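Please read the sequence alongside the model that follows.

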Amino acid sequence: MDLHVEGVKKVYGDGPTARLALDETSFTVESGQFISIVGPSGCGKSTLLMMMAGLLKPTAGGIRLGSTPISGPPPGVAVVFQDYGRSLFPWMTVGKNLSMAAAADKLPKAEVARRVDEALTAVDLAGTQALYPWQMSGGMQQRVAIARALVIEPTVMLMDEPLAAVDAQTRADLEDLVLALRDRYDMTVAMVTHDIDEAVYVADRVIVLAAHPGRLIADIPVDLGRRDQLTTKAEPEFVKRRAEVFTLVRRPAATSSAGSDAELDGRPPELKA
Amino acid sequence: MPDPSGATSTLTSAPPPPPAGDKAPTTRVPRRKRPFGRRLVSGVSSLWLLVAIAILWQVVAPLSPTLYFPPLSKIFVQFGQDWFTGDPSSLFLSQHFFDAALPSLRRLAPGWGLALVVGIPVGILLGRSAVAAAMYFPFIRFWLAEPKSAIIPVAVQIFGIADSMNVFLIFVGTVGLIIVNTADGVAGVDRMTLQTARSLRISPFTLYRRVLVPAAMPGILTGVRVSIGVALILMVISELYATTAGVGYEILLNQQSFKFLQMWSAFLLIGVISVLLNVVLELIEKRVLRWQRREGLSGQ
């Protein structure tokens with residue numbers, strides 16, 4: 001199912017203290033696509049993802065999954081949050097954490113157990129059902145969070161900077177893992193990230209947001225074929241796209257022609273003389 | 001919001017260092033047990049103060065001119081005579097023990113039990129609803145500030161000299177603490193945890209039972225642990241004022257009859273009951289919260 005983001009806008013507060021977190025944004029994610037959403041701090045990327053997840057109501061516009069508008073977390077959509085320490089339930093074992101994901105669908109116990117098994121195996125954590133999250137390393141915990149997303153056999157997986165809290169080597173492994181899972185389960189994936197290399201490496205398409213106010217400034221296709229941590233990053237297409245995204249994110253003044261807020265050069269406006 | 005009892009729930013700490021390689025351990029991680037010698041030393045060192053006081057008491061008491069201050073050894077003897085002359089079937093507890101302790105516990109249990117049954121759900125509600133909290137918290141704060149012993153005459157006026165007076169007092173004196181600590185625990189549940197639960201689309205009932213209440217348990221159990229102390233105080237005080245049976249009554253009766261050894265013995269009994277209750281609650285707390293990784297004093 002395609003995911004349609006239609007004129008979505010988010011304003012916090014009202015009156016003079018209103019803050020425009022994300023200006024009207026529209027794009028469509030085709031079924032099975034892997035998009036990354038990247039931008040500087042304050043560009044509204046997490047806000048956008050939360051609205052796509054149905055966890056935040058847009059001030060204007062809407063989001064459709066297929067032909068159904070989203071109002072609240074839709075079935076078949078799984079979310080992986082950045083801070084696994086606060087997202088996994090520490091009073092439950094890994095197995096219980098995962099079976100909680102299946103609780104909403106009221107599946108029979110045997111089926112739940114099977115799915116939990118399969119999900120853990122898919123993330124290379126087979127047999128860890130009896131462990132508590134705090135008994136595992138950060139990378140393992142994030143894999144548990146990903147496994148929990150897999151339990152519902154989602155059609156769409158939304159990830160909010162899932163690899164930000166994880167060390168660089170684990171990050172590389174998890175990037176490849178998520179790609180493999182997308183292929184294996186034929187999911188649509190949207191990943192928010194601040195890491196430009198990662199954004200280009202994993203995605204079929206990179207959605208670039210700018211800040212002050214948050215808004216979509218580019219939608220860049222990435223044509224790279226099979227990904228490999230070593231070789232892909234040396235390919236000309238990767239280098240080209242990376243430069244493109246980097247310029248858009250870090251030096252938008254060099255590319256944008258419009259708007260008074262094109263003076264972004266990494267410093268907050270208030271600090272300029 | 002500030003916790004009026006002074007106790008705060010502990011924070012979870014970062015996960016322990018990863019096992020070698022990032023391989024998943026497939027067996028349960030064994031709990032570290034300290035070597036016996038170290039545990040013995042630690043156990044003894046935590047008791048040294050008690051032992052020191054006991055020795056001091058034993059030495060000083062025979063020297064004091066007053067009758068009110070008998071030596072500890074004599075008190076222990078009296079203690080045994082008062083409460084432990086029964087047969088093995090009743091754990092050696094004497095009939096006197098049952099005559100004194102049971103009436104007290106028969107007031108403590110309903111009073112404190114009712115406070116839990118009422119206080120925890122109300123606390124959960126107030127923790128969840130900012131509106132309800134704004135409406136009721138001023139009243140509850142005023143209530144907590146009021147010394148409950150001041151309510152005794154009121155309680156006697158309403159209930160007369162009956163068990164219901166004691167039960168009422170204990171209830172009224174502990175329910176506020178439980179409500180506030182529970183609300184604190186519930187309101188303090190990590191927003192991320194609740195966001196996650198929402199994204200999992202679990203039903204409201206399951207949300208409360210398997211996410212919210214377990215997450216709020218540190219706060220709830222703090223309220224439980226703190227309130228038992230207050231409940232015991234109110235149990236004893238209410239018996240000093242107007243009753244015909246109970247451990248507090250025993251202390252008063254013996255004091256008024258100048259039977260000081262028996263007075264101390266009853267006093268010691270209350271202490272033992274109190275310690276036992278606290279230990280039981282602490283064990284329950286440790287078990288329920290075994291998922292918490294604690295830093296600081298309560299850590300290994």
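Chain A has a radius of gyration of 19 Å, which agrees with the value near 19 Å that a compact globule of 273 residues would have; the radius is taken over C-alpha atoms, and the globule rule is 2.2 Å times the number of residues to the power 0.38. The model is predicted: local features need pLDDT of at least 70 and side-chain atom pairs count only at pLDDT 80 or more, while totals for chains, interfaces and linings use all residues. Residues are numbered from 1 along each chain as its sequence is written, and chains are lettered from A and ligands numbered from 1 in the order in which they are written.

Along its principal axes, the C-alpha trace of chain A spans about 60 × 45 × 35 Å. Its secondary structure comes to nine helices and ten strands, which are DSSP runs numbered from the N terminus (helices H or I, at least four residues; strands E, at least two).

Chain B touches chain A through 25 residues, which are in contact with 30 residues of chain A; contact requires C-beta atoms, placed from the backbone, to lie within 7 Å. On the chain B side, the largest share, six residues, comes from helix 7 of chain B.

Within chain B, the axes of helix 8 (residues 204-241) and helix 10 (residues 260-288) come within 10 Å and cross at roughly 170°. Axes are lines fitted to C-alpha atoms, for helices over the stretch in contact, and angles run from 0 to 180 degrees between N-to-C directions. The two helices of chain B are therefore roughly antiparallel, a term for angles over 145 degrees.

Key
Parallel < 35°, antiparallel > 145°, perpendicular 65-115°, else oblique. Contact = placed C-beta atoms within 7 Å.
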